[in-house]
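Please look through the following protein model with attention to its side chains.

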Amino acid sequence: MDQQDRVRRCAAAALCGLLALFPSIQEPSMASPPDTQTQREPNRLGDQTSPYLRQHAFNPVDWWPWGEEAFAEARRRGVPIFLSVGYSTCYWCHVMERESFEDEAIASIMNERFVCVKVDREERPDVDDIYMAAVQLLTRRGGWPMSVWMTPPGARGEDDAGLEPFYAGTYFPAEERGGMVAFPQVLMGISEAWTGQREQVLEQAKQVTEGVRSMLGERAAPTPVGSEQVGAALGQLVQMYDREHGGFGQAPKFPQPVFVEFLLDALPTVEDPAVRSSLTRAVRHTLDRMAMGGMYDQVGGGFHRYSVDERWLVPHFEKMLYDNGQLASLYARSYARVGDEGGDAYDAEIIRETLDYVLREMTAPEGGFYSAQDAEVNTREGENYLWTSEQLTEVLGEEDAVFAAKVYGVADGPNFQDPHHPEDAPTNVLFLASRPERVAEGMGLSPGAFEDRLGGVNQRMYQARMQRDQPGLDDKILAGWNGLMIRGMADGGRVLGEPGYIEHAERAAAFVLGSMRDGDGGLLRTAHSGVAKTPAFLEDYAFMASALVALHDAREALGMDRGSHLEDASALIDDAFARFEDPGMPGLLHDTLAGQSDLIVRTRSTYDGAVPTGQSVMLNTLVSLAERTGDGATLQRAREVLAATSGAISESPLATVNATRALHRMLQSGAVADAGPSQRREDDDRVFVDRDPVEVFAATDRVSVKPGEPATIAIEIRISEGFHITASDPGVEGLVPLSVRIDGGAGVAASAVFPEPEVYDGSALPPEDKGTLRVHTGTFRGTITLERTEEVWAGRPIITLTYQACDDSACFQPITLELDVAIDQ
């Protein structure tokens, strides 16, 4: 029995044991006095730097912040720890607080039977990563709010550190609803299991902890990588590209700036003019559609988190600093490109409006940048950003209201209905149907006249909007996220030729590097109201080092004094390597410091998400620093980080796209040699081809696979004339058959059905194989079936297809490619 199977069976046993207790639970009354919060004294969260934690300061729950005091209390009382993880702009976090954490009866159960700990995932991404892995192991899904129950220190003896997860979930309703168990029943069931089934619970905790350590602490052995992986990532992006709406994949649509940055780096090296032109259009189309849609705040500037639809129309309304920093840099790169596609005025407009928004609404008096703005106002999604025709008329007067309604799609009727409040009247998310100059042309206006009129309209709309109730502001300052915005501000100032933005970036950098330090000079992660705390993570050092290189470039481009930014970046990198490099493997960087007693595993992130991984940003920053300084030691460090990351790049070039981008840069500069396809042996008579003669297309880019509900995917395989691929049963030994499998995860299996192959009778075959080799030629279709297995869902399952192409003279190196199909559970 493997590790994941043990975890699954143990989890199932514990779950059944807990559920067996539920019928005996008498649900408490859900009523709480409406003014209870104002009558209470604040709990221990009242003085925290995190606004998310302070939001819970007047809950009747006896919350503790994450730390040794909470762990010591759990040891003293001998009760489990209930860990609740969320963030300030999380909608369902707010819902669970209103329903459960503000309820006196539920809080009484929590306080009596658990030590309750609150964590802001943005302040402690390490804690979030670890216990989210436990949630995924136990429930096969994830999300926030995260709810985890874990062992107290001392549960197995005096030296036991505890903190081992044994039960987990996400949002629980206060009352049973839609098949979801009520939170009070879960609390009572877990408490009774801890009292009456202690050994089973401890065994569960052990197995889950081993699974988490396996998921987050494993190292992939270095492997040769090169242009093959760069090409694979590029090919996947081409397949993912939404030719109708721009972007990559389907709804929900995320901006994914690392994808476009990779394309911008790769474009100049694409030799085929048609392919290069197609990729250029994909970049332009994606940038335009993001800026035209409701995901971009047309009145106030700046980007919302993501689009709930494929058209970039209706956003999830929270605004995150890390998105706006990355997107400012991305649009700056696009604006700076030379040639017909460069210097786009629309790019300049988006850069300026985004940076101005951040300076106006997201900048602290001391110079640092705040973290986020909430999605909801008065419990309504996006209330502050939405408009009706009547509101436009009230603010603008009839003539300008007609103009604004036509420009922003309001004239076409409502396009938004709050999904959580269907009783509310529908309203409008503002968007542009086309680029501004085309909208102007359609209205019979010159671009200049249109811009002037729209600018005046937007100013009045913004002033009126600011009189409304405003979304909550998460005003903590995070070192790493500030690094992303400092880079965005510096990049924007450089390409626009506006030193004011660069000076604001300087102020923020000075604040982080001057005020967010510990006694030993190490960076601190978070600051609020003059208090900085929590040792910084790898991403904080990497993002700030990258920002300092961007500041150097900006000052140099505008003829300003360059200062010591490159030296400061080098010092940060030296400090990061001293703190995070694995002593047993040069270049392998962990996310967290060594020896942290409050973590059950030392994590190492390899896959990029909403922000790229610290390791991949550090790699790119080392490459940039080496290019500017010519320092051989810096370049050697980059090679070591690349080697330590190469196993992950080889396994999934697109999931590690920012590291793949660094690989491409190093290949182009000659910093590393191209490994090419897998190394050829002396006795290997296979040859390599420069162009793959096989193309594979899937009919969908996302499927859901549930227990007992297999999913099917239609694929089409196109083989160039003069080539063939061996069938799933070639009939001849020594050739690789056509096959599919699942890599990178567990809990799902793949099988495939292909049409009947043809018999190949080429002249190159030896006599004994004539009439027996079975192949496919031309274009044919097949069906892949995905089914759940009894293994626990883990990792990121990816469908891979392996084939071997041949022509009439030779067979080529087998290819394994990842199908660009996301698998949901």
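## Aromatic pairs

How many aromatic pairs does the structure hold? In this predicted model, the structure holds 26 aromatic pairs. A pair of aromatic rings is described by the distance of the centres and the angle of the planes. For Trp63 and Phe82, the ring centres are 6.3 Å apart and the planes stand at 35°, so this pair is tilted. The pair links distant parts of the chain, since Trp63 belongs to strand S1 (residues 63–65) and Phe82 to strand S2 (residues 81–86), 19 residues apart. Trp63 is buried, with a relative accessible area of 0%, and Phe82 is likewise buried at 0% relative accessibility.

A second tilted pair is made by Trp92 and Tyr171, whose ring centres are 5.0 Å apart and whose planes stand at 50°. Here Trp92 lies in helix H5 (residues 91–101), whereas Tyr171 lies in the loop between strand S5 (165–169) and helix H8 (183–196), 79 residues apart. Trp92 counts as partly exposed because its relative accessibility is 37%, while Tyr171, at 10%, is buried.

## A cluster, and charges over rings

Trp63 and Phe82 also belong to one aromatic cluster, which they form together with Phe101, Trp149, Tyr167, Phe172 and Phe183.

Some rings have a charged side chain over them: Arg44 lies over the face of Trp64, at 3.6 Å from the ring centre, and the charged end of Arg121 sits over the ring of Tyr87, 5.5 Å from its centre.

## Salt bridges

Side chains of opposite charge can pair when their charged atoms come close. A search of the whole structure finds 50 salt bridges, and one of them joins the side chains of Glu261 and Arg333, with 3.2 Å from N to O. This pair links distant parts of the chain, with Glu261 in helix H11 (residues 257–266) and Arg333 in helix H13 (residues 321–336), 72 residues apart. Glu261 is buried at 9% relative accessible area, whereas Arg333 is partly exposed at 24%. Both residues are part of a network of salt bridges that also includes Asp265, Arg487, Asp491, Arg494 and Arg661.

Another salt bridge joins Asp400 and Arg460, at 2.3 Å from N to O, and it links helix H16 (residues 398–407), which holds Asp400, to helix H18 (residues 447–465), which holds Arg460. Asp400 counts as buried at 17% relative accessibility, and Arg460 counts as partly exposed at 31%. The side chains of Asp474 and Lys476 also meet in a salt bridge, at 2.7 Å from N to O; Asp474 is buried at 1% relative accessible area, and Lys476 is buried at 0%.

Methods: Residues are numbered from 1 along each chain as its sequence is written. This is a predicted model: local features need pLDDT of at least 70, side-chain atom pairs count only at pLDDT 80 or more; totals for chains, interfaces and linings use all residues. Side-chain values use heavy atoms; hydrogens and water are left out. Rings of Phe, Tyr and Trp (its six-membered ring) pair if their centres lie within 6.5 Å; planes under 30 degrees apart count as stacked, over 60 as edge-to-face and the rest as tilted. Helices (H or I, at least four residues) and strands (E, at least two) are DSSP runs, numbered from the N terminus. Buried means under 20% relative accessible area, exposed over 50%, partly exposed in between (1.4 Å probe, protein chains only). A charge sits over a ring if NZ of Lys or CZ of Arg is within 6 Å of the ring centre and within 35 degrees of the ring normal. A salt bridge is a side-chain nitrogen of Lys or Arg within 4 Å of a carboxyl oxygen of Asp or Glu.
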